[in-house]
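Please have the display open while I talk.

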Amino acid sequence: MPVKQITLTEPYVACQNQLGEGCLWDPTTGLLHWVDIKRSQIHTLDPVSGNRSIDDYSDVDGMITSLVLRKDKPGFIGTHTTHLAEFPEATKPTDPNPTDAGQAQDKEDGTDRFNDGACDALGRFWVGTMGVQFQHRKGQLYRYDPDGSVTTIKEDVGCSNGIGWSPDNKVMYYIDSPRTTVLAYDFDLESGTLSNERTFATSSVFEAGVFDGLCMDAEGAVWAARWGSSRVVRYLPDGTLDIEIVMPKALNVTCCVFGGEDMQDLYITTASCGETDESLIPKYPQGGDLFRVRIDGVRGVERFKFAT
């Protein structure tokens, strides 16, 4: 069957993030959260009212890189450059156009920081690191258990990114962006271990870009953002490319998550940073904006929460 293509010409929210990432839907509150990594901010949107809020943590050394909800407590568990951190509940959205005065932060070449993360069905937090120079492959993938123990799952990682699980929790999908693939592993839920690494999808059909963040739907399909490729793509469980969502004016697409009352709205974060050729910047004025598209007939699944 031909690949279905959806084109988004206008953003849902013109928020102009430096590095929008880590989008997270809270079904209890009906709020969408995401981070602007380079400004060390948590953004929160109420899609019903259209109001937003921005919680600025730029006064703390480092950058917020990922968030997960907590099962039994308010607020978030997340990563802050080099360590795990607890974050309080987001500020209630009351302003349709909150002031964004944060300043972008950058680390020196070669240094590591945390990047994307997600919880499994038992509430363990899987999160990886990256180096500014990906070719050095200084990153790792870790598993943080609710009892405080930490396990190194993978070494030799360039840029740890999207993580997700099949509906039966028997397969884990993982993106190490410089490898330009989506990897799949047999997953043992009880022990939290991986085996049988294999390639699930490759970048061979795309002219440019690498895989970034991902989310899952109820059919077990993988939705993956593509940095440098202006799109989000859907792969069926057998690896067939099924849907492309194209944002022609946003080059660097970073993450996606399902939300909304019926979990059929796909939210997509993008970045305005990362373009080394400044002559191309005017071609992508929507980089850093938030997009939304309704995917009728496909329901997303809620992200798992940290177990404490």
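This is a predicted model: local features need pLDDT of at least 70, side-chain atom pairs count only at pLDDT 80 or more; totals for chains, interfaces and linings use all residues.

Let me start with His 33, whose bridge partner in strand 4 is Thr 44. Residues are numbered from 1 along each chain as its sequence is written, and side-chain values use heavy atoms, with hydrogens and water left out.

Strand 3 (residues 31–36) and strand 4 (residues 41–45) run antiparallel and are joined by 5 bridges; strands here are DSSP runs of E with at least two residues, numbered from the N terminus, and two of them pair if DSSP finds at least two bridges between them. These strands belong to an open sheet of 4 strands, ordered 2-3-4-5 with antiparallel pairing. Its edge strands are strand 2 (20–26) and strand 5 (52–56), each of which pairs on one side only. From one strand to the next the twist averages 20 degrees, where axes are lines fitted to C-alpha atoms and angles run from 0 to 180 degrees between N-to-C directions.

Another open sheet of 4 strands has the order 9-10-11-12, again with antiparallel pairing. Strand 9 (112–119) and strand 12 (150–157) stand at its edges with a single partner strand each, so one side of each is left without a neighbour in the sheet. Within this sheet, strand 10 (residues 125–131) and strand 11 (residues 139–144) pair in the antiparallel sense over 4 bridges, and Phe 125 stands opposite Tyr 144 in strand 11.

Further along, strand 22 (residues 265–271) pairs with strand 23 in the antiparallel sense, over 4 bridges, and Tyr 267 has Arg 292 in strand 23 as its bridge partner. In a regular strand the side chains alternate between the two faces of the sheet. Strand 23 (residues 291–294) has Phe 291 and Val 293 on a covered face, and Arg 292 and Arg 294 on an uncovered one.

Now to the rings: which parts of the chain does Trp 126 tie together with Phe 187? Rings of Phe, Tyr and Trp (its six-membered ring) pair if their centres lie within 6.5 Å, with planes under 30 degrees apart counted as stacked, over 60 as edge-to-face and the rest as tilted. By this rule the count comes to 14 aromatic pairs. The ring centres of Trp 126 and Trp 165 are 6.1 Å apart and the planes stand at 70 degrees, so this pair is edge-to-face. Trp 126 is buried at a relative accessible area of 0%, where buried means under 20%, exposed over 50% and partly exposed in between, with a 1.4 Å probe and protein chains only. Trp 126 and Phe 187 are also edge-to-face, because their centres are 5.8 Å apart and their planes at 65 degrees. As to the question, Trp 126 lies in strand 10 and Phe 187 in strand 15 (residues 181–188), so the pair ties together parts 61 residues apart in sequence.

Finally, a search of the whole structure finds 0 disulfides, a disulfide being a pair of cysteine sulfur atoms within 2.5 Å. For Cys 119, the nearest cysteine sulfur, in Cys 255, is 14 Å away. The sulfur of Cys 273 is 11 Å from the closest one, in Cys 159, which is too far for a bond.
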